[in-house]
Amino acid sequence: MVRAEIRHGNALAYLLDPKRPHGFAAAMLEAFLTAVTSADTASLLVQADGRDVQISREWQNIDLLIILPNSRMIVTVELKIDASQGHDQLSRYRKVVEAQWPLTDGWQHKFVFLTKREEAARDNWVGLRLGPVIAEFERALSKFGSAPASDFVRQYIDMLRRHHVGDSASKERARKLYAEHGEALAYLMQHRPDPIRNLFNALKTAAVEIAAAASTATMSVVEDAHTASILRFAIKEWDQIPGFLDGERWTNSKRMILIEMKLEDSGLGAYAYIGPSSAKSRTTFVTSLLAKNAITRQAAQAKGWAKLAELELFHPNDPLQFDLDDAIASVTADFCAFVARVHRDFDTALVARATPMSASDTTERKAGS
């Protein structure tokens, strides 16, 4: 969950919704609105709307919408964990929201850019750091210590402090500990066990077998360029689509779309990306994928790398304790299924834009190879 924005969004949407069975009623909603506005304003909003509030996720690709119908207010939240705002992303979202809930109909709007870093929000959105939100959540939590979701909220707050916000008391304890035992700690870090890395290295050794396992009678999966933390694969048949090998600033194959298995902080993930290219073929592919509803409009508007699909492959509860052989078998099976899904979802849209290659094109392609 550490860096997956969609999971943070889901967690916030759940906690802010008074109708969910977390046991906090509207306390977390009031806490969040306090961080956005003020304690007095938040209290009035919650009193007016209570359980009438609506929490919406990914409406028009917007991370979070808080709809307060009785107060005639919309709070629009764009959440960024590690990424930065797109050049026109916030202005596009403003236009969509104001068109749906017009100011002329009496609606009020709060546009909130929620992030862990100091980053000025464009288009007059209100910048809000995660720190103040956490502080308000902790105040609310102190009144609901035995709520069903209390342990989850404590752990969520601990995770945010550890990875995104910082904790001055913990930092001071760590500084003192390192000052006293620095040499021993450095030795432990150098020799710490890393089963997730061992799993990834085993899969990397078996990359040829994984490609073969993912292949079918109608789809040949081949290796592309790997790195220390990414295994890359490609669907060989797509190489014959005109313009598909016009990619730039990625791998030497110049393939426009690659499928990756990535080593992450506490597990493995699978992703499909379309890479950057100045060739017209990239626009053609993206337009075709969008027309087939194979990608989102947000992904279609990306100029560089755009994520087409993703899947969590392996994230054990205890990253130090799992059976390696079972994990290899499970990851391989899930990755093969992911590749099949990518092929199924995108093949028709890509091939639909293909035209037969001329003899000269074929000769040139072979010569280039």
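## A buried phenylalanine and its partners

F244 has a relative accessible area of 0% and is therefore buried (buried means under 20% relative accessible area, exposed over 50% and partly exposed in between, with a 1.4 Å probe and protein chains only). W238, at a relative accessible area of 1%, is buried as well.

W238 and F244 form an edge-to-face aromatic pair, with 6.1 Å from centre to centre and 65 degrees between the planes. Rings of Phe, Tyr and Trp (its six-membered ring) pair if their centres lie within 6.5 Å; planes under 30 degrees apart count as stacked, over 60 as edge-to-face and the rest as tilted. Together with F285, W238 and F244 make up one aromatic cluster.

## Basis of the values

The model is predicted: local features need pLDDT of at least 70, side-chain atom pairs count only at pLDDT 80 or more, and totals for chains, interfaces and linings use all residues. Residues are numbered from 1 along each chain as its sequence is written, and side-chain values use heavy atoms, with hydrogens and water left out.

## A tilted tryptophan pair

Ten aromatic pairs are found in a search of the whole structure. In one of these, the ring centres of W59 and W101 are 5.2 Å apart and the planes stand at 55 degrees, so the pair is tilted.

W59 counts as partly exposed because its relative accessibility is 24%, whereas W101, at 12%, counts as buried.

## Charges over rings

R94 lies over the face of F111, 4.3 Å from the ring centre. K262 lies over the face of Y271, at 5.1 Å from the ring centre. A charge sits over a ring if NZ of Lys or CZ of Arg is within 6 Å of the ring centre and within 35 degrees of the ring normal.
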